[in-house]
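User: I am new to reading protein structures. Please take me through this one, feature by feature.

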Amino acid sequence: MGRLYAVVAAGGFRRYATYRVATVAGVFTNCVFGFIVAYAYTALWDARPRLGGYDLPQAVTYVWLGQALLAACATMGGGFEDELIERIRTGDIAVDLYRPADLQLWWLAGDLGRAAFQLLGRGIVPMAVGAFAFDLALPGDALTWLAFLCAVLLGLVVSFALRFLIALSAFWLLDGAGMAQMGMLAAMFFSGMLLPLNVFPGALGELARALPWSALLQVPADIFLGRRTGWDLVGAFGFQAAWALALLMAGRALQSVATRRVVVQGG
Amino acid sequence: MRAVTDSASGTDGAAGEGGTGVEDFIELDGVEKVFDVRRKVGFLRRERHQVRAVDSISFRVPRGEMVGYIGPNGAGKSTTIKMLTGILTPSAGRLRVAGVDPSRERTRLAQRIGVVFGQRTTLWWDLPLIDSYRLMHRMYRVPDARFRENLDRCVELLDLGELLDVPVRQLSLGQRMRGDIAAALLHDPEVLYLDEPTIGLDVISKAKVRGFLRDLNAERGTTVLLTTHDLTDIEQLCRRVMVIDHGRLLYDGALTGLHEVGESERTLVVDLEREVPPIELPGTRARTVRTQGPRQWLAFPATESAAPLVARIAAEYPLVDLSVREPDIEAVIAKMYADRSAV
Amino acid sequence: MAEDVAVAAPAEAAPGAGGRSGAEPWIPELSRGAVLWNGLRAYGLIVAMWTRSTMAYRASFAMMAFGNFAATAFDFVAILMMFSHIESLGGFSLSEVAFLYGTAGTAFGLAELVLGSMNRLGGRVRDGTLDTLLVRPVPVLAQVAADKFALRRLGRVLQGLLVLGYGLATLDLDWTVARVLLLPTMIVSGAAIFCAVFVVGGAFQFWAQDASEVQNAFTYGGNTLLQYPPSVFGRELVRGVTFVVPLAFANWIPALYIMGREVPLGLPQEVAFLPPVVAAVCCALAGLVWRTGLRAYRSTGS
């Protein structure tokens, strides 16, 4: 069974790997935004050094990490969700439900394959450009890099689980696109893409840091910047894993309700 | 088979010949389309080479004619249609539709032509059929009365009544094709280009589309040029057919003449009283291709008469019954292609 | 063959003078100068149709329009949060940044509303549906631009105007007639400059079908850039968006003049009145690029 999902994941990887020009174009756009936001943050941290506990190189590194993870986390869309919504809308989903594979795992495998490609294809170059143009705070030891990659992986699963829930809402709502857009909005704001969550003021900051979206960017970035080590690192992983599990379970529950609905309606 | 390729080599002179040019609605003289194709060789190196999609094609289509344009995939049919509609600019040669150069006067000519692409719709995918029609109405500036009249006629003949309020993406292929044909005709085009209009349609839809095209051509005198894979389309609609392959025109003439050009064979099916060894007729070009009990099949060139063969068989063998089978065009064209690629 | 033709030829096809024998009497003659008008008319027709069809699902429309509004609002919320920690960014107060944000956002929002569908061109080239636009009697640009027109993008315009209103209300500006006139002029010119960028970005996809994202770098990226004061950015970047892709004329240069601040790069104050000229030049150039792209497509077919 595991083999099947490995094949699906490899398929997801390959499918995105064929769009070379699109990947180059995306990298270009990531870099342009990286420059703009990095300059803006520089002005901000010049005015308030150590804002949110970051020094300037850490703040700028945060910007480029955001750009590098944007495509992989599908924060602004571009993942599997549009396709799943379309299949639900057209009723093709009935076919998927009769497949001998689990619907959620099937899509998870495909999406992780996609994310793996976009992490490489859309992540490495912007990070390198950022490191070339700015003074970045890159981790010195391999263990931090490894911890970062684990956090990214957990973040990708959380991202998937959120988008899976949103896509399944298309079973009940006429217009899945509207929900998808709302999901993107929430992801942009609460992942810390617009501003690091530790700069968010007061209660809003505490709320944002507790929500699942912080697992996409804020948590991996803090690990990358060496701000979460020892037991704190374990806590960070625990936070991500707990959200991943809870959201996957919620998706599973929703999926079984939806399945019954499809079966009752006769497909 | 040689007849056309020869005449195609004369590029210019042909246009002014005699008084025939006046009525010719579509004129092509030595039209070519060459594409640059870049192919990957190795990691970053790319090799450029040229593909001649249409290679020095010349033909004339008089107003009101219905012509079939056939050939295998990638033969250059669609490229020709794209040049006729002005989508593509020819690389060389002279091309006129209704006296104007389509690639220069594309938008203006669009008012006078109708196009149906079998593989992709000209309708607005997410909108009900009627919305596309209303938009065409305004876009082509069709007078209201004329639009109503044309729409009613199409709705009736193409059986679109119940589909008008359905979004195009929910239509079946056959329904969509009928919707597309109607859309191409609402502005009374003088010529209709159809690129694979029956591809993927069921038998009933095909019959409906063919009947409609026949009426359109007969009643309104609309010039029709259609490309197709389906030779039944041609057999039922067109008296004239052009065959294209590898960008060159292999044949241009009456459908019936295709057999001779294709140097195809007819088959004589002979029923004898009893089983005998294969029939041999020395001195003729007939040969036995198959035997099955008392029945034998003899192939002979389509250009020769069957009468002398029948006389000899009747004289030399215990003949009970016999029939002559005409070659089907599909086989003829397949043979033409085979001959050509063998050269 | 010849007699078949004689039978099939319709009575009305009697050859007239010139090539237009048998043409239907209602076919409008279009002069070359009418092409622009024809294009605008077609744009209007298609836009009207899309608007009518989206209005059929009012609830969905309201949700999407709010989404658009909220998406851009979050953007400004981030800026507000920055200013909760600081007094000024690059020497500019919150009100001044709001003014920059509002003018850029409104101008860009208008351009996005009008031409936001240009990024779909590459897909149309890839799947061949561009051909269906080329056989219609109206300019292709109008058809591509109006395709899937989304009125919900008004959300961004509205948000831009609100932020601009906030900026204007909290700034104490020294209003002269010139400044009052310059404000609407710069927004319209800015929208036109962004439109030119959208068109060039669209035309680029004639050559690189999958590269619609590059356009985003200049459109959405440009918008983000202009929301911050020029003093935040490196001099080379400011130079680039002044002289290469003249986005600076969309708001920085005229906005700084209206706020009574120095125009960047030590340029004379008078350049603040150049936006209409720059916009006209940009649009003309964009038109040329578009024509070149379309011509390239029509000679290569892919």
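Analyst: Gladly. Keep in mind that this is a predicted model. Let us start with a pair of strands. In chain B, strand E6 (residues 191–195) and strand E7 (residues 223–228) are joined by five bridges, in the parallel sense. Look at one bridge: B:Leu192 has B:Val224 in E7(B) as its partner.

User: What should I know about the side chains of a strand?

Analyst: In a regular strand, side chains alternate between the two faces of the sheet. Keep that idea in mind when you look at the strands.

User: Where do I find an antiparallel pair in chain B?

Analyst: Go to strand E10 (residues 265–272) of chain B. Six bridges join E10 to E13(B), and the two run antiparallel. B:Val269 stands opposite B:Ser323 in E13(B).

User: What about a single residue? Is B:Ile87 buried or exposed?

Analyst: Count the C-beta neighbours. B:Ile87 has 23 other C-beta atoms within 10 Å, so B:Ile87 is buried. The cut-off for buried is 20 or more. B:Ile87 sits in the loop between H2 and strand E4 (92–97) of chain B. Leaving aside neighbours within four places in sequence, the contacts of B:Ile87 are B:Lys82, C:Asp131, C:Leu134, C:Val135 and C:Arg298. Distance in sequence is another thing to check. B:Ile87 and B:Thr107 are 20 residues apart in sequence, and their C-alpha atoms are 9.9 Å apart.

User: How do I compare whole chains?

Analyst: Start with the secondary structure. Chain B has 11 helices and 13 strands. Chain C has 13 helices and zero strands. Next, look at burial. In chain B, 44% of the 343 residues count as buried. In chain C, buried residues make up 45% of 302. Then check the contacts between residues at least 6 apart in sequence. In chain B, 70% of them join residues at least 24 apart. In chain C, residues 24 or more positions apart account for 79%.

User: How many residues of chain A and chain C are in contact?

Analyst: List the residues on each side. Here 30 residues of chain A are in contact with 32 residues of chain C. Helix H2 (20–47) and helix H9 (176–190) of chain A each supply at least two residues to the chain A side. H2(A) gives the most, with 14 residues. By class, this side of chain A has 24 nonpolar, four polar and two charged residues.

User: Which residues touch the most other members of the largest nonpolar core?

Analyst: That core has 246 residues. The residues touching the most other members are A:Val158, C:Ala111, C:Ile193, C:Phe194, C:Cys195 and C:Val199. H2(A) supplies the largest share of this core, 17 residues. A second, separate core has eight residues, including B:Val270 and B:Leu309.

User: Which regions of chain A does UniProt list as transmembrane?

Analyst: Treat a record as a guide, then look at the model. The unreviewed UniProt entry lists residues 21–41, 61–80, 119–139, 145–173 and 233–251 of chain A under "transmembrane region". In the model, residues 119–139 of chain A are 62% helix and 0% strand, and the end C-alpha atoms lie 18 Å apart. Residues 145–173 of chain A are 83% helix and 0% strand, with end C-alpha atoms 42 Å apart.

How values were computed:
Residues numbered from 1 in each chain as written. Chains lettered and ligands numbered in written order. Predicted model: local features only at pLDDT ≥ 70, side-chain atom pairs only at ≥ 80, totals over all residues. Pairing = 2+ DSSP bridges. Helix = DSSP H or I, 4+ residues; strand = E, 2+ residues; numbered from the N terminus. Contact = placed C-beta atoms within 7 Å. Nonpolar A, V, L, I, M, F, W, Y, C, P; charged D, E, K, R; others polar. Buried ≥ 20, exposed ≤ 12 C-beta atoms within 10 Å, placed from the backbone. UniProt positions renumbered as here; feature names shortened; annotations may be inferred. Core = buried A, V, L, I, M, F, W, Y, C linked by C-beta atoms within 7 Å.
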